[in-house]
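Please keep the sequence and the three-dimensional view at hand while reading.

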Amino acid sequence: NQAKRFETEITALYQFAEDAEPFHCKDIVIALDEISQLEKEVEELRIKAANANRFLQMKKLYENATEQLAVLREKPIITTGSTNTLIGIGLGCTALGLVLGVFFVNGYRNMKSPVTDDQTEESEDSLG
């Protein structure tokens, strides 16, 4: 039984070997060199793909910016009085701030602390 099964398996193996196309066998060192070279090529292609994707994104941004510029150039330029009004308000507030600042500084310089009777007596005692 075992011998018959062995004979069947050997015959199948021999038939497979006869029918299969021959292939080239490589040395392990050569195969490892080829694998490392292919891995380097894969990494280079990944970098190129990433650069290409970045380029496409920048191209889309450029196209969008160009379209927006064209739309803005077609619109008429509208100037409103709001800018002039804000400038006037800003200058007015600045002038008011300067006037109030001068007023308060002069008031502070001219301000004297009130003299009490006790202080007058002390100053007279120190003088004479």
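## E43 and its partner R46

In this predicted model, E43 has a relative accessibility of 41% and is therefore classed as partly exposed. Its side chain meets that of R46 in a salt bridge, with a distance of 4.0 Å from N to O. R46, at 56% relative accessibility, counts as exposed.

Both residues belong to helix α2, which covers residues 28-74. R46 and E43 are 3 residues apart in this helix, or about one turn. Side chains of opposite charge can pair when their charged atoms come close.

Where does K26 lie? K26 is placed in the loop between α1 and α2. Its relative accessible area is 47%, so K26 is partly exposed. E34 is likewise partly exposed, because its relative accessibility is 34%, and a residue must fall under 20% to be called buried.

## Overall architecture

How many helices and strands does the chain have? The secondary structure comes to 4 helices and 0 strands. Read from the N terminus, the order of elements is α-α-α-α.

The chain has 128 residues, and 0% of them count as buried. Its accessible surface comes to about 12,900 Å². Carbon and sulfur atoms account for 62% of that surface.

Helix α1 spans residues 2-19 and contains 18 residues. From its first C-alpha to its last, α1 reaches 26 Å, close to the 26 Å expected at 1.5 Å a residue. The number of buried residues among the 18 of α1 is 0, so this helix lies largely in the open.

Which residues make the nonpolar surface patch of about 450 Å²? The patch is formed by F6, I10, L13 and F16. L13 is found in α1. With a relative accessibility of 54%, L13 is above the 50% cut-off and therefore counts as exposed.

## Cysteines and disulfides

The structure holds 0 disulfides. The cysteine C25 is exposed, because its relative accessible area is 58%. C93 also counts as exposed, with a relative accessibility of 51%.

## Summary

The predicted model is a chain of 4 helices and 0 strands, in which 0% of the 128 residues count as buried. A nonpolar surface patch of about 450 Å² is made by F6, I10, L13 and F16, and the number of disulfides is 0.

Key
Residues numbered from 1 in each chain as written. Predicted model: local features only at pLDDT ≥ 70, side-chain atom pairs only at ≥ 80, totals over all residues. Heavy atoms only, no water. Buried < 20%, exposed > 50% of the residue type's maximum accessible area, 1.4 Å probe, protein only. Helix = DSSP H or I, 4+ residues; strand = E, 2+ residues; numbered from the N terminus. Areas by Shrake-Rupley, 256 points an atom, 1.4 Å probe, with all protein chains shown as cover. Patch = residues over 30% accessible without salt bridge, like charges linked within 9 Å, V, L, I, M, F, W, Y side chains within 5 Å. Expected span 1.5 Å × (residues − 1). Disulfide = S-S within 2.5 Å.
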